[in-house]
Amino acid sequence: AFGVVADIQFADAEDGYDFGGFRRRYYRHSLRLLREAVRAWAGECPPIDFVLQLGDSIDGQNARRGEAESALQQVLDVLGQLSVPVHHAWGNHELYNFSRARLVQTGLYSRPADGSAGPADRECHAYHCSPAPRLRLVVLDAYDASTLGTDPGSLRYQESLRVLREKNPNDDLNSPEGLKEPHFVAFNGGFSQAQLDWFNEVLKFSDENQEKVIVMAHVPLHPFASNGVCLAWNYEAALSVIHAHRCVVCVLAGHLHDGAYCLDCHGVHHLTLEGVIETPPDSNAFGTIYVYEDKMVLKGRGRIPDRVMHF
């Protein structure tokens with residue numbers, strides 16, 4: 001069993017609204033909702049084995065307020081009350097607050113220190129582990145190709161900007177208006193070929209060892225588990241790797257605060273979790289997933305519905 005939570009986006013600030021000015025965001029309350037989640041997970045029986053934090057743990061406004069470090073520490077302190085590992089995905093809001101090089105030095109770097117579990121690039125926050133026999137968790141870095149958190153003089157930045165501008169001619173690169181492929185916006189990102197090659201090798205190993213694989217990324221990988229905008233730039237390439245193997249049973253993501261779900265044509269479940277940040281203080285948005293031989297069962301809290309996902 002393991003806990004799941006997405007898009008906490010904590011800031012010590014009054015309630016606000018999304019970029020469109022329509023959807024309320026409960027910045028300060030999100031930390032209290034996380035505390036409730038941690039208390040619930042700590043009381044699970046049988047106990048949970050780990051927690052997946054699906055990205056955007058703090059809000060981008062912390063950078064403007066000079067509070068990025070303190071906000072992150074408050075979130076990590078709450079999660080640190082758990083006696084189990086927490087696996088973190090990096091989202092766009094992490095990269096609004098910190099450079100990739102700085103994130104490597106924070107508690108959000110959950111990749112094993114020896115580097116053997118991930119790609120050669122140590123700033124790529126992708127890795128895998130086996131939390132139980134014949135079960136593997138793969139954490140993907142959906143901003144490995146991105147203009148966010150990257151030195152504008154770097155090759156990574158220049159190549160990412162080229163890809164983005166090729167697909168998005170808008171003055172505001174966060175705007176999907178008029179785009180044939182509306183997911184090519186700056187608040188999304190993608191996967192380098194090096195990460196995709198590494199991912200393919202991990203899944204090949206899991207196929208050979210008859211493992212079941214759960215994949216985790218901040219950004220959804222399937223259009224039907226998205227709104228068409230909140231989607232990884234080269235999601236097709238990631239899906240091609242997944243569909244070339246038999247082992248992947250589920251892809252978990254955040255980023256889209258409404259949440260979404262689909263079962264794709266290859267039998268892979270794509271579950272996008274509802275975000276804490278847009279959850280009213282009298283509700284919540286987290287869950288516990290129980291893994292069995294033939295299914296995963298999500299017990300949701302608050303905005304997140306229960307779900308059974310058969311393999």
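In which sense do strands β10 and β11 pair, and over how many bridges? They pair in the antiparallel sense, over 4 bridges. Two strands count as paired if DSSP finds at least two bridges between them. Strands themselves are DSSP runs of E, at least two residues long, and helices are runs of H or I, at least four long, numbered from the N terminus.

A word on the source. This is a predicted model, where local features need pLDDT of at least 70, side-chain atom pairs count only at pLDDT 80 or more, and totals for chains, interfaces and linings use all residues. Residues are numbered from 1 along each chain as its sequence is written, and side-chain values use heavy atoms, without hydrogens and water.

Leu263 has His269 of β11 as its bridge partner. Between the strands sit 5 residues, and Gly267 takes a positive phi near 80° in this hairpin.

Next, the pocket linings. Here Ala, Val, Leu, Ile, Met, Phe, Trp, Tyr, Cys and Pro count as nonpolar, Asp, Glu, Lys and Arg as charged, and the others, Gly among them, as polar. The lining of the largest pocket has 6 nonpolar, 8 polar and 7 charged residues. Helix α4, residues 92–97, gives the most to that lining, with 3 residues. For the second largest pocket, the lining divides into 9 nonpolar, no polar and 4 charged.
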